[in-house]
Amino acid sequence: MTKTLVAFFSRADENYFGGAMRYVKVGNTETVVSIINNLIEADTFKIEMKEPYSPVYMTCIEEAKRGIAGSLRKLNLDYIDLYLIHQPYGDVEGAWKAMEEAKAEGKIHSIGVSNMSVALWNKFVPHVNIKPAVNQVEFNPLFQQKEIRALIKETDTKLEAWYPLGHGDANLLSHEIITTLANKYGKNPGQIILRFEVQDGVITLPKSTNKERIKTNLDIFDFTLTNEEMEAIRQMDTGKGSHNPDAPGVEEHLRSAFVIED
Ligand SMILES: NC(=O)c1ccc[n+]([C@@H]2O[C@H](COP(=O)([O-])OP(=O)(O)OC[C@H]3O[C@@H](n4cnc5c(N)ncnc54)[C@H](OP(=O)(O)O)[C@@H]3O)[C@@H](O)[C@H]2O)c1
């Protein structure tokens, strides 16, 4: 399995591995570590990882330091290119200080956050020294996060999209605006969506288990959507997604649902 996955990445000319410690679990640790180390041996890959969010990790700076050390040890890495706070609850400032220190020590090259709403951003970012390099949030043409995008521009923070294809949402992939453009450019709907996102300055992390789509999802740089077409896709925004970090009960659920083993 490891070899196959590495081959997929290599053939697709992918050069970025985005993951989260929450997804590195008993049963798949060896596979993930082996993939990452194979990619690094090829010397062309950058590794993004999210902290192992758990109630313990977010309680204080010392626990956050232990989490960072654990990520490096488990992944068998000297450094991680980009390290994110996966769910911004608990002692976010303590975790951030630990990440700033790890950056100063060269253990992390860039630091960022995920799932920061406008409210969470305003509570946290004004008080930190190093501003987040990225905020990874749900984003696709049906949920364009206009407020948070405008806000993070002020600190030159990049928006990274999770669910960039709406998690395979048929309402998105078969939307008339998208399918019309797919026909015009001889591309599939997923390629039109990803082209829109990249052309609009968003970093996308599409997922596919299909070998052909892994390749075609990268084949989006030989055409350009016109300003009118970009604007038409911008108008598809419904302002609603699947995850609202501020909704009642979400913090409690996320802080209690996952326990990461050392
Ligand atoms: N930070 C966070 O809290 C957070 C939360 C959720 C997800 N994420 C991350 O976001 C990334 C993407 O999430 P996701 O995989 O659920 O959503 P996604 O990339 O938006 O959608 C993936 C789905 O789209 C299909 N697909 C892929 N390429 C396609 C194409 N060209 N045309 C039509 N369908 C296509 C895939 O099916 P096939 O496999 O059959 O191609 C799969 O069902 C993941 O790496 C995930 O870990 C982060």
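**A strand and its partners**

Modeller: Gladly! Let's start with a facing pair: Lys50 stands opposite Leu84 in strand S3. Please keep in mind as you look that this is a predicted model. Lys50 belongs to strand S2, which covers residues 46-50. Strand S3 takes in residues 80-85, and three bridges join S2 to S3, with the two strands running parallel.

Now look for the other partner of S2. Strand S1, made of residues 16-18, is also joined to S2 by three bridges, and this pair runs parallel too. Here you can find Gly18 opposite Glu48 in S2. So how covered is S2 itself? Four of the five residues in S2 are buried, which leaves the strand mostly covered.

From here, let's move on to a pocket. The second largest pocket has a volume of about 350 Å³. Its lining counts 19 residues, and those nearest its centre are Ser117, Phe143, Gln145, Asn244 and Pro245. Strand S5 (134-138) and helix H6 (146-153) each give at least two residues to this lining, and H6 provides the largest share, with three. Sorted by class, the lining holds seven nonpolar, seven polar and five charged residues.

Trp162 counts as buried because its relative accessibility is 17%, whereas Tyr163, at 29%, counts as partly exposed.

Another pair joins Tyr185 and Phe223: their ring centres lie 5.0 Å apart with the planes at 40°, so the pair is tilted. Tyr185 sits in helix H8 (residues 176-185), while Phe223 is in the loop between helix H10 (211-216) and helix H11 (227-234), so the pair ties together parts that are 38 residues apart in sequence. With a relative accessibility of 7%, Phe223 counts as buried. Phe223 has one more neighbour to look for: Arg195 lies over the face of its ring, 5.8 Å from the ring centre.

How values were computed. Residues numbered from 1 in each chain as written. Predicted model: local features only at pLDDT ≥ 70, side-chain atom pairs only at ≥ 80, totals over all residues. Heavy atoms only, no water. Buried < 20%, exposed > 50% of the residue type's maximum accessible area, 1.4 Å probe, protein only. Pairing = 2+ DSSP bridges. 1 Å grid on protein atoms, 1.4 Å probe; cavity = no way out; pocket = protein on both sides within 12 Å on 5 of 7 lines; lining within 4 Å. Points joined across faces, edges and corners; volume = space filled by probe spheres on them. Nonpolar A, V, L, I, M, F, W, Y, C, P; charged D, E, K, R; others polar. Phe/Tyr/Trp six-rings, centres within 6.5 Å; stacked < 30°, edge-to-face > 60°. Lys NZ or Arg CZ within 6 Å of the ring centre and 35° of its normal.
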